[in-house]
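The entries follow the order of my reading.

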Amino acid sequence: MSQNIALNPDIASIPRGARLTIINATRGKRDLADLASGNPNMPMPPFIRDRIKADLDVGYARYTDFFGVAALRERIADYLKGECGISADPETEVLVTHGVQEALYVVLRTLLRPGDEVLIPSPHYGNYYIDSVACGAKPVLVPLREEDGFQPDLERLEAAISPQTRALIFSNPNNPLGVLWPGEVLEKIAGLAQAHNLIVLVDEVYHDYYSASRPVSIAALPGMKGRTFTFNGFSKAYVMMGLRIGYVAGPAEVMGLVKQLHYAVALCPSSVGQVAALASFDCPREQVNGIYREYQSLIETLYEGVVALPGVSCVRPPAGFYLFPNFKRLGVGSLELSLQLIKDAGVVTLPGTEFGPAGEGHLRLSVAAGREDVEKGVAMLTRFFQEKA
Ligand SMILES: Cc1ncc(COP(=O)(O)O)c(C=O)c1O
């Protein structure tokens, strides 16, 4: 007999989304083109694999320093300084976590009090919403518009600020939109954050895919270090998603408590994952540049294929994995279109509504599954649209 078990209402109200519906719709179907996955289909660079093998041969897999091994925190601090212009003390301001995912949760959980509001420019990465809800806070979605190239409208953002607003969270470069907010936009956001005393959480997990126009880090702008948490990791940059190593850098007075919570949640990051993360800093660049170049070429192939479809518009992303095309002229809702594409075109996509209601009429397309899926997907979408015309 089931017990009447009381649940934490915050956790019970986490939205489930439609991913399961999409996965179920693909069951038993063969030869689908995967334009949905955010899980890059590339092997790790050989240099990193060799370091992992050598470490495994030593045979130990002990708990490490709870906050990440000192050598790794130092390399991360050097990277933040050299690549992003952020000064972070590796001892007090850098925490190594079980992926960016854990870092987001422990920081939000440390900062947010029940009823606090979190501004999320949207469409957005779904976990910002989920984590805010799980922490008893209220996510406030601020729509980004395609006609603005998905750049934020500062007036709209400011209009969404209330006395309860504590924080603003976004990814830059952006998942699901594929766009990059440039330095001048970040300067305006920094001004807004300072004027309204907001904490800024910025997720830079796609930073390394945008080397042509190096992303600016908002934490490096004047007056921002003390109110900014910068998240990054090794999942995408070194295709080691499953090894689960991320990190966060933020002001020491808060990081002390964040570390305490991380200790309660994860104890320490994976030892083998940290070996790989440390190796990544010494990895010959030619072993990773080829990966970035391949994804750059794939995003262009997908973009060209998508904008050639009748009635479809799309903001051109400078690099990365994602496109967020607009299919509104078809007059079909995002989820319905996504299901129809699985059934009738053999293409798997994610409905734009998975990333907030502002994604209605859009699909999120990804090149992460690799060349075969992208080329097949473009051909299948083209045929589907020709048959519809
Ligand atoms: C914007 C964004 N942040 C964080 C993550 C997760 O990163 P990690 O693997 O380091 O937990 C993803 C994964 O797709 C992502 O797209």
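The entries below treat the ligand and then the cavities.

Entry 1. I note at the outset that the model is predicted.

Entry 2. I looked up where the ligand sits and found it in the largest pocket. Around the ligand I listed Gly99, Val100, Gln101, Tyr125, Tyr128, Asn175, Asp203, Val205, Tyr206, Ser235, Lys236 and Arg244. By class, I recorded five nonpolar, four polar and three charged residues in this shell. Helix 5, residues 99-111, gives the most to the shell, with three residues.

Entry 3. I then turned to individual atom pairs. A nitrogen atom of the ligand is 2.5 Å from an N or O atom in the side chain of Asp203. For Arg244, I found a polar side-chain atom 2.7 Å from an oxygen atom of the ligand. A polar backbone atom of Gln101 lies 3.0 Å from an oxygen atom of the ligand. The ligand taken alone exposes 400 Å², and the protein buries 92% of that.

Entry 4. How many cavities of 30 Å³ or more does a search of the whole structure find? I recorded three.

Entry 5. The largest cavity holds about 90 Å³ of space. Of the 13 residues that line this cavity, Tyr79, Asp208, Gly233, Tyr238 and Tyr247 lie nearest its centre. I classed its lining as seven nonpolar, four polar and two charged residues.

Entry 6. For the second largest cavity I noted a volume of about 50 Å³. Its lining includes Ile86, Glu93, Lys225 and Pro251. By class, I counted five nonpolar, four polar and two charged residues there.

How values were computed:
Residues are numbered from 1 along each chain as its sequence is written. This is a predicted model: local features need pLDDT of at least 70, side-chain atom pairs count only at pLDDT 80 or more; totals for chains, interfaces and linings use all residues. Side-chain values use heavy atoms; hydrogens and water are left out. On a 1 Å grid over the protein atoms alone, a cavity is a set of points where a 1.4 Å probe fits but cannot get out, and a pocket is an open set with protein on both sides within 12 Å along at least five of seven lines; lining residues have an atom within 4 Å of a point. Grid points are joined across faces, edges and corners, and a volume is the space filled by probe spheres set on the points. Ala, Val, Leu, Ile, Met, Phe, Trp, Tyr, Cys and Pro count as nonpolar, Asp, Glu, Lys and Arg as charged, and the others, Gly among them, as polar. A residue is near a molecule or strand if one of its heavy atoms lies within 4 Å of it. A polar contact is a pair of N or O atoms within 3.5 Å; within protein, one must be able to donate a hydrogen and the other to accept it, and residues adjacent in sequence count only if both atoms are side-chain atoms. Accessible areas come from the Shrake-Rupley method with a 1.4 Å probe; for residues, only the protein chains shown count as cover. A molecule sits in a cavity or pocket if more than half of its atoms lie within 2 Å of its grid points. Helices (H or I, at least four residues) and strands (E, at least two) are DSSP runs, numbered from the N terminus.
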